[in-house]
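Here are some exercises to work through with the model open beside you. Try each task yourself before reading its solution.

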There are 2 protein chains.
Amino acid sequence: MPVSTPQLLQARAEVFKALGHPTRLAIVDMLAGGELCVCEIDRQIDADMSTVSRHLAVLRNVGILSSERRGNQVFYRLECPCITSFYGCLEGVLSGTGRTACL
Amino acid sequence: MPVSTPQLLQARAEVFKALGHPTRLAIVDMLAGGELCVCEIDRQIDADMSTVSRHLAVLRNVGILSSERRGNQVFYRLECPCITSFYGCLEGVLSGTGRTACL
DNA sequence: TGTTCATTTGCAAATATTGCCAAATACGCA
DNA sequence: TGCGTATTTGGCAATATTTGCAAATGAACA
């Protein structure tokens with residue numbers, strides 16, 4: 001059996017941890033439709049912009065998002081659309097009897 | 001665009017959060033090969049058995065694992081093998097230039 | 001019943017996360 | 001340069017997570 005190194009386990013955990021917050025998942029949802037500036041993301045989320053900015057930083061730090069400044073604003077983009085396709089598996093887990101939804 | 005309800009975002013976040021710890025990912029790895037008793041899992045993890053037990057409870061509480069008592073011991077089983085198949089996407093994220101690894 | 005082995009739970013300390021406010025930074029433009 | 005808009009960062013309090021030790025629970029068996 002393939003034993004993952006502690007480093008790999010840690011790195012994977014960081015990504016999962018980054019996804020482990022409802023606000024950050026909402027951001028991922030929003031960006032699944034295409035890149036958006038911080039102000040637009042902030043508009044759809046009920047939290048201080050500073051809080052939104054930190055959530056974006058968490059997702060960017062693990063590589064899920066990338067950002068690009070264009071003029072006045074910063075645009076964020078989803079780097080890994082496969083995350084939302086993983087939801088099918090998640091709903092399976094959530095429904096309790098979930099194995100059917102998994103590969 | 002499909003707007004997820006706060007409840008769904010929260011539920012998904014719980015699952016991701018449960019996966020957001022290296023020890024728990026190690027456990028998932030181990031169980032990908034088939035069910036194991038707590039004592040066997042404990043043997044391969046450098047932590048107090050009480051700690052291992054709590055990690056198992058976290059994973060079970062969100063539906064990723066199920067447990068069954070047989071005689072003296074408790075066996076845990078992975079309910080959602082799709083998690084490990086998601087790693088391909090993760091490694092893509094981790095390698096930084098990852099989009100190719102994603103769907 | 002009492003003993004032993006396997007697992008879980010109560011507790012407390014250390015550590016990490018979250019979220020707001022206020023201040024700082026970055027950029028475009030007059 | 002100075003001003004207004006957009007975004008990030010510092011500081012801090014509240015809350016949550018993690019962990020080991022010790023005690024409790026559950027099951028098998030003498």
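The model is predicted, so local features are given only at pLDDT of at least 70 and side-chain atom pairs only at pLDDT 80 or more, while totals for chains, interfaces and linings use all residues. Residues are numbered from 1 along each chain as its sequence is written, and chains are lettered from A and ligands numbered from 1 in the order in which they are written.

**Exercise 1. Work out the strand order of the sheet in chain A and what packs on it.**

Start with the elements: helices (H or I, at least four residues) and strands (E, at least two) are DSSP runs, numbered from the N terminus. Strands pair if DSSP finds at least two bridges between them.

Step 1. Reading across the open sheet of chain A gives β1-β3-β2, with antiparallel pairing. β1 (36-37) and β2 (65-70) of chain A are the edge strands, each with a single partner, so one side of each has no neighbour in the sheet.

Step 2. Look at how β1(A) meets β3 (residues 73-78) of chain A: two bridges join these antiparallel strands. Here A:C37 is found opposite A:F75.

Step 3. Helix α2 (residues 22-31) of chain A lies across β1, β2 and β3 of that chain, at about 90° to β3(A). Helix α4 (residues 49-61) of chain A touches β2 and β3 of chain A, and its direction makes about 120° with that of β2(A). The axes are lines fitted to C-alpha atoms, for helices over the stretch in contact, and angles run from 0 to 180 degrees between N-to-C directions.

**Exercise 2. Is A:L56 buried or exposed?**

Step 1. Find A:L56 in helix α4 of chain A.

Step 2. Apply the cut-offs: buried is 20 or more other C-beta atoms within 10 Å of a residue's own, exposed is 12 or fewer, and partly exposed is in between, with C-beta atoms placed from the backbone. A:L56 has 21 within 10 Å, so A:L56 is buried.

Step 3. List its contacts (C-beta atoms, placed from the backbone, within 7 Å). Leaving aside neighbours within four places in sequence, these are A:I27, A:V38, A:L65 and A:Y76.

**Exercise 3. Describe how chains A and B are related and how they meet.**

Step 1. Chain B superposes on chain A by a rotation of 180° with 0.0 Å of shift along the axis (RMSD 0.0 Å). That is the relation of a two-fold axis.

Step 2. The contact takes 40 residues from chain B and 39 residues from chain A. On the chain B side, α1(B) gives the most, with 10 residues.

Step 3. Compare the two sides: 98% of the interface residues of chain B are also interface residues in chain A, so the copies meet through the same surface.

**Exercise 4. Which elements supply the largest share of the surface near each DNA strand?**

Step 1. Count a residue as near if its C-beta atom, placed from the backbone, lies within 6 Å of the strand.

Step 2. DNA strand C is surrounded by 25 residues, with B:V38, B:C39, B:S50, B:S53 and B:Q73 the closest. Six residues, the largest share, come from α4(B).

Step 3. DNA strand D has 24 residues around it, and A:C39 and B:T51 are among the closest. Here α4(A) gives the largest share, six residues.

Conventions:
Least-squares fit on C-alpha atoms with pLDDT ≥ 70 in both.
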